[in-house]
Amino acid sequence: MARIGVLTGGGDCAGLDAIIRAVVRRTRLTHGDDVIGFRNGWKGVIENDTIDLTIERTAGILTRGGTLLGTSRVDPVAGGNERIAAVHETIERNNIDAFVVIGGDGTLRGSRDLQREGVHLVGVPKTIDNDVDGTDLSVGFCTAVQVATDAIDRLQTTAESHQRVMVVEVMGRDAGWIAACAGLASGADMVLVPERPFDIEEVCEQLRGRHRRGRSFSIVVVAEGAHPADGTLKAAEGRVLAERTRLVPSGIAITLQNEIQQRTGFETRATILGHILRGGTPTASDRILATRFGIAASDAVKAGSFGTMTALRGREIVQVGLDDALRFRKPLEPEIYNDAAVFFG
Ligand code: F6P
């Protein structure tokens, strides 16, 4: 009987428990193999912090947000040989044959590197940012877009009542998928994304144009990683978080609120949706994707397809090599932005 370790790494999102449930059920009931969970991503493997993943323990979790395993951004390889040795020790102590690693771009990259150190694993992509290149969709993205859309719908009515410009900031450090898709779904008047540095004067001119045409309010959706074109405006300073080497942006919505109000004279308010997009119950489409990915990951381990990641390609679930899947970060497709832009101004 084989023994599979399961862990969730990186930022959480809706649908993680649905993946875990599917892995456990498929592995135990179809393949007759054993499953063990590790708490808080690779940190739990390094520290041998385990949790029993039985059918009973994972029943009734399909609809839950968050992850019953907990998560962290600990990279198993970045810390050097000590961490890698600790992983191998845990593998031996628990007789682990392979891991199912549920993670976003960062966690999957660390796992790919660990795999080169002889650790067998299969990845499952999850991230609200939808920027893992090897798959059309990652678990958590559709829920985040739905939550953002619901929030923007609510902001529309208060914007209209007060004749205000509402700036809504959504997550998306490097990619504008959530901003553009939520903007499309809610009919936003402007969407700003990291892939297209903006000129604040052009943004203000679009808003002025709307008002000249008789519209009394506007909705601007901005991804947290959106930034002004060089030399047009000084952006807010970023911050570096634990286990991160890159700057995480902060407060672009506040900068925009102040600039728009000052330059146009229109009363402007900022709303930062932040982690609300990561919490709560997954949508039906995320539950389905999570369940299909979980089953596929369990099957891939059984088949010995290590170093691969489950991926959605069109309507099909396939296994793609981690190296190929992670070659680039997937930027927002220009066509989606262009479709949203039909409704700007
Ligand atoms: O999961 C990715 C992400 O949602 C980014 O869009 C965002 O910048 C980041 O997580 C926030 O992470 P944390 O919860 O560590 O602040």
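**Chatting through a predicted model**

Q: Hi! Is Asn130 buried or exposed?
A: Asn130 is buried, because its relative accessible area is 0%, and the cut-off for buried is under 20%. Just so you know, we are looking at a predicted model.

Q: Thanks! Where is Asn130 found?
A: Asn130 sits in the loop between β5 and α5, with α5 covering residues 141–162.

Q: What is the phi of Asn130?
A: Phi of Asn130 is near 55 degrees, which is a positive value in a residue other than glycine. For background, most residues other than glycine have a negative phi.

Q: OK, and what about the phi of Asn95?
A: Asn95 also has a positive phi, near 55 degrees, and it is a residue other than glycine. You'll find Asn95 in the loop between α3 (81–94) and β4 (98–103).

Q: Is Asn95 buried or exposed?
A: Asn95 is exposed, since its relative accessible area is 56% and exposed means over 50%.

Q: Let's switch to helices. How do α1 and α9 lie to each other?
A: They are oblique to each other. The axes of helix α1 (residues 16–30) and helix α9 (residues 284–303) cross at roughly 40 degrees and come within 7 Å.

Q: And which hand does the crossing of α1 and α9 have?
A: The crossing in which α1 passes α9 is right-handed.

Q: Is Arg26 buried or exposed, or partly exposed?
A: Arg26 is partly exposed, with a relative accessible area of 26%. Asp299 is partly exposed as well, with a relative accessible area of 26%.

Q: How many salt bridges does the structure hold?
A: There are 26 salt bridges in the structure.

Q: Which residue does Asp189 meet in a salt bridge?
A: The side chain of Asp189 meets that of Arg210, at 2.9 Å from N to O. Asp189 is in the loop between α6 and β7 (190–192), while Arg210 is in helix α7 (residues 200–212), and the two are 21 residues apart.

Q: Is Asp189 buried or exposed?
A: Asp189 is buried, with a relative accessible area of 7%. Arg210 counts as buried too, at 4% relative accessibility.

Q: Which residues are linked in a network of salt bridges?
A: The network links Glu201, Glu205, Arg208, Arg212, Glu259 and Arg263. Glu201 and Arg263 meet in a salt bridge of 3.3 Å, N to O. That pair links distant parts of the chain, as Glu201 is in helix α7 and Arg263 in helix α8 (residues 252–264), 62 residues apart.

Q: How accessible is Glu201?
A: Glu201 counts as partly exposed, at 33% relative accessibility. Arg263 is partly exposed at 30%.

Q: New topic: which residues make the nonpolar surface patch?
A: Leu184, Val342 and Phe343 make that patch, which is about 310 Å². Leu184 lies in helix α6 (residues 177–186) and is partly exposed, with a relative accessible area of 36%.

Q: Last one! Where does Val122 lie?
A: Val122 is in strand β5 (residues 121–125), and Val122 is buried, with a relative accessible area of 0%. Val122 and Asp153 are 31 residues apart in sequence, and their C-alpha atoms are 39 Å apart in space.

Technical notes:
Residues are numbered from 1 along each chain as its sequence is written. This is a predicted model: local features need pLDDT of at least 70, side-chain atom pairs count only at pLDDT 80 or more; totals for chains, interfaces and linings use all residues. Side-chain values use heavy atoms; hydrogens and water are left out. Patches are made of residues with over 30% relative accessible area and no salt bridge: like charges are joined within 9 Å, nonpolar side chains (Val, Leu, Ile, Met, Phe, Trp, Tyr) within 5 Å. Accessible areas come from the Shrake-Rupley method with a 1.4 Å probe; for residues, only the protein chains shown count as cover. A salt bridge is a side-chain nitrogen of Lys or Arg within 4 Å of a carboxyl oxygen of Asp or Glu. Helices (H or I, at least four residues) and strands (E, at least two) are DSSP runs, numbered from the N terminus. Buried means under 20% relative accessible area, exposed over 50%, partly exposed in between (1.4 Å probe, protein chains only). Axes are lines fitted to C-alpha atoms, for helices over the stretch in contact, and angles run from 0 to 180 degrees between N-to-C directions. Angles under 35 degrees count as roughly parallel, over 145 as roughly antiparallel, 65 to 115 as roughly perpendicular and the rest as oblique. A crossing is left-handed if the near helix is turned anticlockwise from the far one by less than a right angle, and right-handed if clockwise.
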